[in-house]
Amino acid sequence: MIVLGIETSCDETACAIVDDARTIRANVVLSQLDEHRPYGGVVPEVAARAHLHYLDGLIRQALDDAQLDLGQVDAIAATGGPGLIGGVIVGVMTAKAMAAARGLPFIAVNHLEGHALTARLTDDVPFPYLLLLVSGGHCQLLEVEGVGRYRRLGTTIDDAVGEAFDKTAKLLGLGYPGGPLLERAAERATNPGRFDLPAPMKGRPDCDFSFSGLKTAVRRHVEQLGTPSDADVADLAAAFHHAVAQSLLDRCDRAIKAFKGRHPADKHGGGKHLVVAGGVAANKYLRAQLATLAAKRGLTFTAPPLALCTDNAAMIAWAGLERFRLGQTDSLDFAPRPRWPLDPNAKPMKFAGV
Ligand code: ATP
Ligand code: MG
Ligand code: FE
């Protein structure tokens with residue numbers, strides 16, 4: 001079983017091909033950094049036009065890399081949302097056209113489900129597992145009970161964690177894209193304990209998150225310093241990492257207790273994994289901290305390889321394959337969805353996309 005996946009929900013144009021033996025046959029990602037850098041962030045209209053410009057070529061390249069003809073592909077998957085709607089439309093329409101022309105099944109994948117199931121492409125991670133989803137638009141704790149079956153334990157009440165990385169990097173004059181630049185700055189810190197930043201929500205009796213206060217605390221330090229030196233920036237970046245980690249660990253620890261209560265470890269390997277996914281999961285410091293927590297609580301920690309944490313199409317092809325083998329395909333009149341929570345009972349939440 002071979003599935004081709006397309007990802008166009010933000011500023012990565014991507015196409016990948018995976019099979020049911022969990023081999024990634026092709027994985028092509030084009031980050032539109034040069035298009036958006038002059039604006040210091042992603043411009044939706046610019047992103048949509050760039051997807052349109054690059055996507056055909058990327059699909060051809062993925063098929064060439066995999067040495068496959070479209071006739072050997074069993075289904076076409078594309079991100080159907082949530083995300084910047086112009087880009088999502090480009091990917092969905094392209095996938096539908098290919099499916100219609102070749103008489104292939106079409107699968108509209110929830111981008112968040114792509115992140116959520118990536119660990120099952122690269123590692124043996126049976127359901128149920130506990131998932132910390134940390135990305136540019138989301139920060140959630142979810143019990144993953146099966147394909148399409150999510151129970152949300154907590155979410156952010158303001159900014160997503162990736163958004164906090166990006167905004168803080170901007171405040172520190174590190175530029176765009178913020179997450180990786182802030183990580184590198186923190187690695188240069190010579191006095192990482194110099195600034196004391198609050199660990200948001202620590203000790204609260206729920207599993208929610210909040211990051212806007214942390215960003216404000218960094219801003220206050222920057223204002224006090226006037227023009228921060230490289231050493232100041234590095235120390236502040238380290239303090240930011242420490243505060244984010246303390247908050248994530250506290251929230252995860254609560255979620256682990258709830259998860260274990262509902263899903264005791266079973267003989268099929270279920271109930272045994274803490275998984276982290278999404279762009280921020282590429283952060284090595286946070287990965288190390290989460291691994292330590294999981295070990296302390298007797299869980300196996302699983303994080304996708306760095307390149308599969310940030311947006312890519314292998315995760316979309318894989319989520320499509322997981323759905324396809326359960327017989328879950330979509331009709332060609334599927335409408336792209338700017339909002340699409342994983343948990344159907346989710347409370348309305350702030351949309352951090354368009
Ligand atoms: P969503 O998946 O919620 O729709 P998105 O697709 O835009 O949002 P991702 O590509 O999953 O987000 O993640 C991008 C985010 O990850 C950005 O905010 C980026 O700064 C952050 N990020 C990427 N690499 C790192 C890193 N090494 N450390 C911290 N943050 C990082
Ligand atoms: Mg991106
Ligand atoms: Fe994403």
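User: Okay, so a residue is buried if 20 or more other C-beta atoms lie within 10 Å of its own, exposed if 12 or fewer, and partly exposed in between, with C-beta atoms placed from the backbone. Which strand here is mostly covered?

Analyst: That would be β4, residues 75-81, where seven of the seven residues are buried. Helices (H or I, at least four residues) and strands (E, at least two) are DSSP runs, numbered from the N terminus. Please keep in mind that this is a predicted model, in which local features need pLDDT of at least 70 and side-chain atom pairs count only at pLDDT 80 or more, while totals for chains, interfaces and linings use all residues. Residues are numbered from 1 along each chain as its sequence is written, and chains are lettered from A and ligands numbered from 1 in the order in which they are written.

User: Which strands does β4 pair with?

Analyst: β1 (residues 2-7) pairs with β4 in the parallel sense over four bridges, and β5 (residues 106-110) pairs with β4, also parallel, over five bridges. Pairing here takes at least two DSSP bridges between two strands. On the β5 pairing, Gly81 has Asn110 as its bridge partner. Between β4 and β5 the chain crosses through helix α3 (residues 85-102), a right-handed β-α-β crossover. Right-handed says that, with the strands pointing away from the viewer, the path from the first strand over the helix to the second runs clockwise.

User: What kind of peptide bond leads from Gly81 to Pro82?

Analyst: A cis one, with omega near -10°. Pro82 sits in the loop between β4 and α3. The bond from Phe127 to Pro128 is cis too, with omega near -10°, and Pro128 lies in the loop between α4 and β6 (129-134). Most residues other than glycine have a negative phi, and most peptide bonds are trans.

User: Speaking of phi, what is the value at Gln67, and is that residue buried or exposed?

Analyst: Gln67 has a positive phi near 50°, and with 9 C-beta neighbours inside 10 Å it counts as exposed. Gln67 belongs to the loop between α2 (44-66) and β4. Met201 also has a positive phi, near 70°, but Met201 is buried, with 22 other C-beta atoms within 10 Å. Its loop runs between α6 and α7 (212-225).

User: New topic! How many residues surround ligand 1?

Analyst: There are 23, and the closest are Gly136, Gly137, Gly162, Gly179 and Gly279. A residue is near a molecule if its C-beta atom, placed from the backbone, lies within 6 Å of it.

User: Which helix gives the largest share of that shell?

Analyst: α6, with four residues. α4 (111-122), α5 (161-171) and α6 (178-187) each supply at least two.

User: And how do the shell residues divide by type?

Analyst: Six are nonpolar, 14 polar and three charged. Ala, Val, Leu, Ile, Met, Phe, Trp, Tyr, Cys and Pro count as nonpolar, Asp, Glu, Lys and Arg as charged, and the others, Gly among them, as polar. Domain 1 (2-117 + 307-326) and domain 2 (127-305) each give at least three residues to the shell, with domain bounds from an automatic or database assignment.

User: Last one: where does the largest nonpolar core lie?

Analyst: Its 113 residues include Ala16, Ala62, Ala237 and Ala317, which touch the most other members. Helix α8 (residues 230-262) contributes the largest share of this core, 14 residues. Both domain 1 and domain 2 give residues to the core, so it lies between them. By core I mean a set of buried Ala, Val, Leu, Ile, Met, Phe, Trp, Tyr and Cys residues joined through C-beta atoms within 7 Å.
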